[in-house]
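Here's a quick tour for anyone meeting this protein for the first time. Have a look at the picture, then read on.

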Amino acid sequence: MKNEKDTFYLVRGDFLPEAMKKTLQVKKDLERGKVASIFEAVQKVGLSRSAFYKYRDAVFPFQAIQQTKIITLFFHLEDRSGTLSHLLDMVAKAGGNILTIHQSIPLNGKANVTLSLDIEHLRVDLDELITCLKKHQFIEKVDVLGSGA
């Protein structure tokens, strides 16, 4: 069964809670350079920083998702021989083009890996790929960090 965190929905703007609408405005102001900091942006729209951090990675304008062909994924992996190679192979077989890889130094048998992927030619649905990756024994966590070109 799919985890709710792995499922995305398209929701009409007037149905969004006010905090999500304000989060979108904060992201827009930051992206366009209308404000110098997150603190300034949340003050401008009347949103708490905690609400912004709660929603910032969960709400996106439809146009941004529609145009996005690059996604950044965060993984928490077991530090075993061949783990990273196996992860990269699974992503490549699904049609993901790996653009960047960053791996932390393993501590206590665990390593953090961040992958930026071009998903334009992905042969499976992104939700399906993430669900499949989460099923592997050596992958403890998968999060979508962001999307953008």
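Start with the open sheet: its four strands run in the order 2-3-1-4, with antiparallel pairing (two strands pair if DSSP finds at least two bridges between them). Strand 2 and strand 4 sit at the edges, each pairing on one side only. From one strand to the next, the twist averages 20°.

This is a predicted model, where local features need pLDDT of at least 70 and side-chain atom pairs count only at pLDDT 80 or more, while totals for chains, interfaces and linings use all residues. Residues are numbered from 1 along each chain as its sequence is written, and side-chain values use heavy atoms, with hydrogens and water left out.

**The overall layout**
- An unreviewed UniProt entry places the feature "domain: ACT" at residues 72–147; UniProt positions are given in the numbering used here, feature names are shortened, and annotations may be inferred rather than shown by experiment.
- Residues 72–147 are 26% helix and 42% strand, with the end C-alpha atoms 6 Å apart. Helices (H or I, at least four residues) and strands (E, at least two) are DSSP runs, numbered from the N terminus.

**Inside the sheet**
- Strand 1 and strand 4 pair in the antiparallel sense over seven bridges.
- Phenylalanine 75 has valine 142 of strand 4 standing opposite.
- Glutamate 140 also belongs to strand 4, and is partly exposed, with a relative accessible area of 43% (buried means under 20%, exposed over 50%, partly exposed in between, using a 1.4 Å probe and protein chains only).
- Leaving aside residues up to four places away in sequence, glutamate 140 touches His76, Glu78 and Lys110 (contact means heavy atoms within 4.5 Å).

**Helices against the sheet**
- Helix 5 lies across strands 1, 2, 3 and 4, at about 25° to strand 3. Axes are lines fitted to C-alpha atoms, for helices over the stretch in contact, and angles run from 0 to 180 degrees between N-to-C directions.
- Helix 6 lies across strand 1 and strand 4, running at about 155° to strand 4.

**A closer look at helix 5**
- In helix 5 (residues 83–93), the buried residues are Thr83, Leu87, Leu88, Met90 and Val91. They share one side of helix 5 because they cover an arc of only 160° around the axis, the arc being that of the directions from the helix axis to the C-beta atoms.
- Ser85 and Lys93 are exposed on the other side of helix 5.
- The cover over the buried residues of helix 5 includes strand 2 (97–103), strand 3 (110–118) and helix 6 (126–134).
- Alanine 92 is in helix 5 too, and is partly exposed at 40% relative accessible area.
- Just after helix 5, glycine 95 has a positive phi of about 100°.

**And helix 2**
- Ala41, Val42 and Val45 are buried in helix 2 (residues 38–45). Their arc around the axis is only 95°, which puts them on the same side of helix 2.
- The face turned away from the buried side of helix 2 carries exposed Gln43 and Lys44.
- Helix 1 (18–31) and helix 3 (49–55) are among what covers the buried residues of helix 2.
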